[in-house]
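Then we'll walk through some of its spots together, from loops to ligands.

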Amino acid sequence: MNILVTGGAGYIGTHTMVKLLENNHTVVCVDDLSNSKYIAVERVEKITGKKVKFYQNDIRDREALRKVFSENKIDAVINFAGFKAVGESCAKPIEYYDNNIYGMLVLLEVMREFGVKNIVFSSSATVYGNPHKVPITEDFPLSTSNPYGSTKLFIEYILKDLYASDKSFNIAILRYFNPIGAHPSGLIGEDPNGIPNNLCPYITKVCVGKLPHVNVFGNDYPTHDGTGVRDYIHVEDLAEGHVLAVNKLADNPGLIIVNLGTGTGYSVLDMIKAFSKALGKEVPYKIGAHRPGDIPTCYADPTYAENLLGFKAKKSLEDMCKDALNWQLKNPDGYVE
Ligand code: NAD
Ligand code: WQD
C-alpha cells in the first residue's frame, strides 16, 4: 500500500516508517518539522535503503495537503502529527487544540475529498485518566485532566461521529501506553527539546552525564515500591502495531479501538535499576515530591490487540534500556544537522 504518514519525522513516526518500508509498503511523509529534523527522515532511508517522499507542510495547510493527495495515490493515512507535551498544553491550550484537533479536521476533510477512507490515529492511555483498576481494557471509562489529553479524547469523539455518519471509513484508534527505546542501529530515537519531561529520555541524559541525577516524583504511591508504575513498550513493537493496524484496515473492519501496551507495569525504581544494569553502573537518583496530575499505576490489558491484530509486544525491558542508551550514547545531542 501507499501510506501517508503525517508527523512521520518524529519519534514514533520514524520507527513506523522503517517498519512500513520493511513490510514493502511505500511511504509519503508530511511533517512541518515543528518538533523534528529532516535528518531523521534521511536516517529512515539509510536504515531501509528505500526512499521516503517528503513534504515539509503543516497538516492545517489545506491547499498543501490537497497537493499531496493529488500528486500521490494514497491508500491509508497514519496521523502522528500533533503536539504532545502535557505541561506545555496547560500553558498553551489554544495552540494544542488548534494544532491537534483542527489539524485532524483538515486532514479528514481532504481525505474525504480524495476518497481516502482508511486512517490510523495516535491516541494515548491518557484518555483513561486515573483508571479505577488495572489492567486497563478498551471499554474502561474515559476522562482527561489536561488539554493534551482532551485533544486526544475529542479527536476520538470526532472519529466515532465520522464513522457513525459514513460507514465506508475504516478507522483504527490506537491507545499507546509509554513508548520508549530506539531502533537497535542507534540511527533513530527520541530527541526531546531541552530537559526531557518523560522518564526514560531523562534517565538516558543522566546516563551520558548531561543531567546530574533522576528526580523520582514520589515514593509513597500504593505500588510495590511506592513509585509510579507504567506500561513501557519498545517503540519498535509499537511501530509493528501500526503495520498490523494499517493492514487490518484493508479488510474493512470499520472503527476499531485498540490498546498498544505490553501488559506489564514497571515502577520508576525498576526503570532506574534496569538502566543501571544496561549502563554497567548505578544511575544516581533523588526522591522528590509528586508531579501534579500524575497517577499511581497504569498498564494495559493487551488481549484485544492480540486477538484482533495478532499484536504482541516482543521486546524486553533489557532491550528497551539497551536500545535507548545506545541511541543516546551515539547521539548525545540528539539529531545534529
Ligand atoms: P513527536 O513530536 O516526536 O512527533 C510528532 C511529529 O509531528 C513531529 O515530527 C512534528 O514536527 C510533527 N507535527 C506536529 N504538528 C504538525 C502539524 N500541524 N503538521 C505537520 N506535522 C506536525 O511525537 P511522537 O512521540 O512521535 O508522538 C506521535 C504521536 O503519538 C503524537 O500525536 C502523540 O500525541 C502520540 N502519542 C505519543 C506518546 C509518547 O509517549 N511519545 C504516547 C501516546 C500518544
Ligand atoms: C512515567 C513515570 C512519573 C519523569 C506521559 C503523558 C502521556 C503519554 C506518555 C502521550 C511517572 C515518573 C517521570 C521524571 C519521574 N504521552 N517520572 N521523574 O506521565 O506516564 O505519561 O507520557 O500521550 O500522555 O502524560 O510518562 O515518562 O512522564 O512518567 O519520577 O523525571 O515516571 O511520575 O510515574 P507518563 P512519564
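N24 sits in the loop that links α1 to β2 (26–30). Keep in mind that this is a predicted model. The phi angle of N24 is near 65 degrees, which is positive even though the residue is not a glycine. Is N24 buried or exposed? With 61% relative accessibility, N24 counts as exposed.

You'll find N252 in the loop between α8 (235–249) and β11. N252 has a positive phi of about 55 degrees, and N252 isn't a glycine either. Its relative accessible area is 58%, so N252 counts as exposed because the cut-off is over 50%.

One more backbone detail before we move on: the peptide bond from V134 to P135 is cis, with omega near 0 degrees. P135 belongs to the loop between β5 and α6.

**Ligand 1**

Now for the ligands. How many residues surround ligand 1? There are 26 of them, and the closest are D31, N35, S36, N99 and Y148. Sorted by type, the shell has 10 nonpolar, 11 polar and five charged residues. Three elements, α1 (11–22), β5 (118–124) and α6 (147–165), each bring at least two residues to this shell. Of the elements, β5 gives the most, with three residues.

A polar backbone atom of G10 is 3.2 Å from an oxygen atom of ligand 1. For D32, a polar backbone atom is 3.2 Å from a nitrogen atom of the ligand, and a backbone N or O atom of I59 lies 2.9 Å from a nitrogen atom of ligand 1. On its own, ligand 1 exposes 820 Å², and the protein buries 95% of that.

**Ligand 2**

Around ligand 2 there are 17 residues, with Y148, L199, N215, R230 and D294 coming nearest. This shell splits into seven nonpolar, seven polar and three charged residues. Strand β8 (residues 214–217) provides the largest share, three residues.

| Protein side | Ligand 2 atom | Distance |
|---|---|---|
| Y148, N or O atom in the side chain | oxygen | 2.6 Å |
| F217, polar backbone atom | oxygen | 2.9 Å |
| D294, polar side-chain atom | oxygen | 2.5 Å |

Taken alone, ligand 2 exposes 680 Å², of which the protein buries 87%.

**A helix tucked inside**

Why is helix α7 (residues 199–207) described as largely enclosed by the rest of the structure? Because nine of its nine residues are buried. The buried residues are L199, C200, P201, Y202, I203, T204, K205, V206 and C207. Among the elements that cover them are β7 (178–180), β8, β10 (232–234), α9 (268–279) and α11 (317–330). Just after α7, G209 takes a positive phi of about 80 degrees.

**Cysteines without partners**

How many disulfides are there? The count comes to zero. C207 is in no disulfide, and its nearest cysteine sulfur, that of C321, is 8.5 Å away. C207 is buried, at 11% relative accessible area. For C298, the closest cysteine sulfur is in C200, 14 Å away, and that is too far for a bond. C298 is buried as well, with a relative accessible area of 6%.

**A threonine in a loop**

Let's finish with T262, in the loop between β11 (255–260) and β12 (266–267). Its relative accessibility is 26%, so T262 counts as partly exposed. Which residues does T262 touch, leaving aside its neighbours within four places in sequence? They are D231, Y232, I233, P302 and A313.

With one of these, D231, the contact is polar: the side chains of T262 and D231 come to 2.7 Å. A polar atom of the T262 side chain also lies 3.0 Å from the backbone nitrogen of T264. As for K205, 57 residues away along the chain, its C-alpha atom is separated from that of T262 by 25 Å.

Definitions and conventions. Residues numbered from 1 in each chain as written. Chains lettered and ligands numbered in written order. Predicted model: local features only at pLDDT ≥ 70, side-chain atom pairs only at ≥ 80, totals over all residues. Heavy atoms only, no water. Near = heavy atom within 4 Å. Polar contact = N/O pair within 3.5 Å; in protein donor to acceptor, adjacent residues only side chain to side chain. Areas by Shrake-Rupley, 256 points an atom, 1.4 Å probe, with all protein chains shown as cover. Helix = DSSP H or I, 4+ residues; strand = E, 2+ residues; numbered from the N terminus. Nonpolar A, V, L, I, M, F, W, Y, C, P; charged D, E, K, R; others polar. Buried < 20%, exposed > 50% of the residue type's maximum accessible area, 1.4 Å probe, protein only. Contact = heavy atoms within 4.5 Å. Disulfide = S-S within 2.5 Å.
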